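User: Please go through the assignments in this model one at a time. For each, say what value it rests on and how that value compares with the cut-off.

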Amino acid sequence: MTRAFNPGLSKTSRRNVLRGTMLAGAAAMTGAGAMSAPRMPRLNGVNAASARLYKAADPQNATSDAKPANLSGYTRVKQQLVPPPFAPVHEQVATGDPKIVEITLETEERLMVVDEDNGASIWALTYNGSVPGPLIIVHVGDMVELTLRNPASSMMEHNIDFHASTGALGGGGLTHVYPGEECVLRWKATKPGCFTYHCAPGGDMIPYHVTHGMNGAIMVLPRDGLKDRNGNPLRYDSIAYFGEQDYYLPKDENGDYRTFEAAGDDYADSLEAMRGLIPTHSVFNGAVGALTGEGAIRAKVGETVLMIHNQANRDSRPHLIGGHGNYVWESSFTDPPLHDMETWFVRGGSAVAAMYTFEQPGVYAYVNHNLIEGVMLGATAHVVVEGQWDNALMEQVVAPRSFET
Ligand SMILES: [Cu+2]
């Protein structure tokens, strides 16, 4: 049986109502185009005011003179999405004309262990079951055609805001799917770079869904591939996709992490924890240690890895301990990359790419170099590199020994 979760029953405030109204208004003003009417979030006390705005937008849609998109010349391809930290099969340099890239995301609300050591867990809200959601890769000029499905067993409505897209709250206004519904959204990738996508159902539900794992990244490559600042082509052997997730997990009076029976049951307590702005965890790929040990990234000396870092909610500062960011695109692929960086910056609500060619074997730690977050809150991943050590780059000339004073 479906028990749709209604936040309005648990918390209603004038502030929430105003927020919901503002967002709905922004969506309504898009006119929504020929594809679909903007859809209001589920009616409840939080966003009832939104309904009037969506309703007011309906006549506008009925009489819309927006022209249908010209899809002639586009071929259709399906992109099979894969769980992080891996990347879907893709071309680094596009062949042929722009394509319509079909993808499917299914929302999944699932109980996930965040930290095995202390039993911290969360009813994660996910796309395709993973935190972060899968990496999508297209080229400039391609169209992304997303089927978004929300199974009937879900407790909540979901949608998706693509920072890479243009209009209708990044598609958020056109993709509200209630449990048991699906929708299709098509948008054109016009800006090259790495971009966040995330759920944004309205009001406080926006940060609630984002901090419960409902975010991921899309990379929009230039059609002729990546280049250094002099215009020379840059190619990679593999992609490592890091989704950094801040969690705000409620604790009981003894300081132990609380457990909940179903998705959404933690709503009021989570919001209370979120108001402090200090995460209880900041982790890569959903859980403490998810990308260490068995889950570590693997590479070989001489291989070039493109590290994509997504943080949908909070600033981060990635650093590869023992290596560098040879080329870092902090803003977009329109700008030339920064060269030879020690630590780079991820603005909260964005994704960045950094490229590095490994020169020494060993275990590298990829961390958020706010080391409190990297070490104490969990934002550490490992890259295990095989190959031959280069003494010219580093050598232990004298091993630690006692000396006479
Ligand atoms: Cu959601």
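Analyst: The elements come first: a helix is a DSSP run of H or I with at least four residues, a strand is a run of E with at least two, and both are numbered from the N terminus. The model is predicted. On that numbering, Leu277 sits in the loop between helix H5 (267-274) and strand S13 (281-284).

User: What makes Leu277 count as exposed or buried?

Analyst: Exposed requires over 50% relative accessible area. Leu277 has 63%, so Leu277 is exposed. Its phi is near 65°, a positive value in a residue other than glycine.

User: Why is Asn285 called buried?

Analyst: The limit for buried is under 20%, and Asn285 has a relative accessibility of 10%, so Asn285 passes. Asn285 belongs to the loop between S13 and strand S14 (297-300). Asn285 also has a positive phi, about 55°, without being a glycine.

User: How do you know which residues are the protein donors of the copper ion?

Analyst: A donor N, O or S atom must lie within 2.8 Å of this metal. His158 (ND1), Cys199 (SG), His209 (ND1) and Met214 (SD) lie 2.1 to 2.5 Å from the copper ion, so they qualify as donors. Their spacing in sequence is H-x40-C-x9-H-x4-M. Of these, Cys199 lies in the loop between strand S8 (193-198) and helix H4 (205-210), and Met214 in the loop between H4 and strand S9 (215-221), 15 residues apart. Both residues, Cys199 and Met214, are buried.

User: Why is the arrangement of the four donor atoms called tetrahedral?

Analyst: For four donors, that label needs all angles between 85 and 135 degrees. The angles around the copper ion are 89 to 131°, so the arrangement is tetrahedral.

User: What makes Glu102 and Arg76 a salt bridge?

Analyst: The limit is 4 Å between a side-chain nitrogen of Lys or Arg and a carboxyl oxygen of Asp or Glu. Here the N to O distance is 2.7 Å. Glu102 is in strand S2 (residues 99-115) and Arg76 in strand S1 (residues 75-78), so the pair ties together parts 26 residues apart in sequence. Glu102, at 18%, counts as buried, whereas Arg76, at 44%, counts as partly exposed.

User: Which other pair involves Arg76, with its closest N and O atoms 2.9 Å apart?

Analyst: Glu145 forms that salt bridge with Arg76. Glu145 is in strand S5 (residues 143-150), so this pair ties S5 to S1 across 69 residues of sequence. At 14%, Glu145 is buried.

User: How do you know that Glu330 and Arg347 still qualify as a salt bridge?

Analyst: Their N to O distance is 3.9 Å, and the limit is 4 Å, so the pair counts. By this rule the model has twelve salt bridges.

Conventions:
Residues numbered from 1 in each chain as written. Predicted model: local features only at pLDDT ≥ 70, side-chain atom pairs only at ≥ 80, totals over all residues. Heavy atoms only, no water. Donors = N, O, S within 2.8 Å, 3.2 Å for Na, K, Ca; no water. Tetrahedral: all angles 85-135°; square planar, octahedral: opposite > 155°, others 65-115°. Buried < 20%, exposed > 50% of the residue type's maximum accessible area, 1.4 Å probe, protein only.
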